[in-house]
There are 2 protein chains.
Amino acid sequence: MNLENTQVQMRKGILEYCILHIISRGEVYASDMLDELTAAKIIVVEGTLYPLLTRLKNAELLEYKWVESKSGPPRKYYTLTDKGSKFLRSLAETWDELIHSTQMITSKSNA
Amino acid sequence: MNLENTQVQMRKGILEYCILHIISRGEVYASDMLDELTAAKIIVVEGTLYPLLTRLKNAELLEYKWVESKSGPPRKYYTLTDKGSKFLRSLAETWDELIHSTQMITSKSNA
DNA sequence: CATAGTACTTGGCCATACATAGTACTCTTT
DNA sequence: AAAGAGTACTATGTATGGCCAAGTACTATG
C-alpha cells in the first residue's frame with residue numbers, strides 16, 4: 001500500500017477510455033497513441049498498450065488494417081467499430097459520473 | 001470486456017481516496033462511510049469496504065478505537081494518522097493530475 | 001553480413017474489488 | 001431464559017487490468 005501502487009490502480013479502466021477516444025478521432029497505430037498519452041502525462045509502456053489493444057480488438061470494439069511503413073515493419077492502424085463507438089459513449093458517461101461522485105465526497109470540508 | 005467490468009476497474013484506487021477523505025473529516029465507522037458513499041452514488045458492499053479499511057490500518061494510514069454501541073456490537077471508529085493525512089494529500093494530487101490528463105485526451109474533437 | 005531501430009508479442013506477477021459465507025455481539029419477543 | 005432479528009466485523013476465493021521483462025520479426029544502414 002504505497003502511493004505508486006494506488007496511482008497504478010487509479011488509472012485502471014481510464015486507459016481504455018483514453019485509447020478508445022484517441023482512436024475515435026482517426027486512424028492511428030500504437031506509437032501514435034503512446035505519443036499522445038505521453039504528451040498528456042499518462043505514461044504507458046508497450047507491455048501495457050499492446051495487450052489492451054488486443055483485448056479491445058477481441059471484444060470487437062476495434063479493428064485494424066496493416067499498413068506498410070517506409071522505416072521499419074508494417075503497422076497496425078486501428079479504427080473503432082460501431083460497437084466500439086457505443087462503448088466509448090457509455091464509458092464517457094461512466095467517467096463523468098465517477099468524477100461527479102468523487103467531487104461530492106472530496107468537496108466536503110472538515111466538519 | 002464489458003461495460004460493467006470497466007466500471008469496476010475505473011473505481012479502483014478511487015475508493016481508497018474517497019474513504020480517506022471521509023475519515024479525514026472526523027471519526028466515523030464503517031456504516032457511516034457506506035451511507036456517505038451510497039449518497040454519492042458510489043455503491044460499495046461490506047466485502048469491499050472492510051478489507052480496504054484493514055489494509056489502510058495495516059499500512060498505518062488509519063487507526064481506530066472501539067466504541068460501545070447501544071444497538072448491536074461495538075464499533076470501530078476510524079481516524080487518520082499523520083501518515084494517512086500526508087497520503088491523502090498525495091492522492092488528491094494524483095487524482096487531480098489524472099483528471100487533467102484525461103481531460104486533455106477527451107476534450108480533443110475529431111480531426 | 002552485422003548492427004541498430006522500429007513494431008508487435010508473450011508469460012508471469014501483483015493489487016484491488018467483488019461475491020459469498022461465516023462469526024460475534026446486543027436487543028427484543030415470548 | 002431461549003429464540004430470533006439486526007448490526008458489525010471477518011475470511012476465502014475469483015477475476016481483471018496494468019506492469020515488467022524477455023523475445024520475435026521486419027527494415028534500413030554501415
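Student: What makes the residues of the surface near DNA strand C divide into nonpolar, polar and charged?

Tutor: Residue type decides. Ala, Val, Leu, Ile, Met, Phe, Trp, Tyr, Cys and Pro count as nonpolar, Asp, Glu, Lys and Arg as charged, and the others, Gly among them, as polar. Here that gives 13 nonpolar, 13 polar and nine charged. This is a predicted model: local features need pLDDT of at least 70, side-chain atom pairs count only at pLDDT 80 or more, and totals for chains, interfaces and linings use all residues. Residues are numbered from 1 along each chain as its sequence is written, while chains are lettered from A and ligands numbered from 1 in the order in which they are written.

Student: Which residues come nearest to DNA strand C?

Tutor: A residue is near if its C-beta atom, placed from the backbone, lies within 6 Å of the strand. Of the 35 residues around DNA strand C, the nearest are Ala30(A), Tyr50(A), Lys76(A), Gly47(B) and Thr48(B).

Student: Which element gives the most to that surface near DNA strand C?

Tutor: Helix 4 of chain B, with six residues. A helix is a DSSP run of H or I, at least four residues, and a strand is a run of E, at least two, numbered from the N terminus.

Student: Why does Pro74(B) count as exposed?

Tutor: A residue is exposed if 12 or fewer other C-beta atoms, placed from the backbone, lie within 10 Å of its own, buried if 20 or more, and partly exposed in between. Pro74(B) has 11 C-beta neighbours inside 10 Å, so Pro74(B) counts as exposed.

Student: Where does Pro74(B) lie?

Tutor: In the loop between strand 1 (62–67) and strand 2 (75–80) of chain B.
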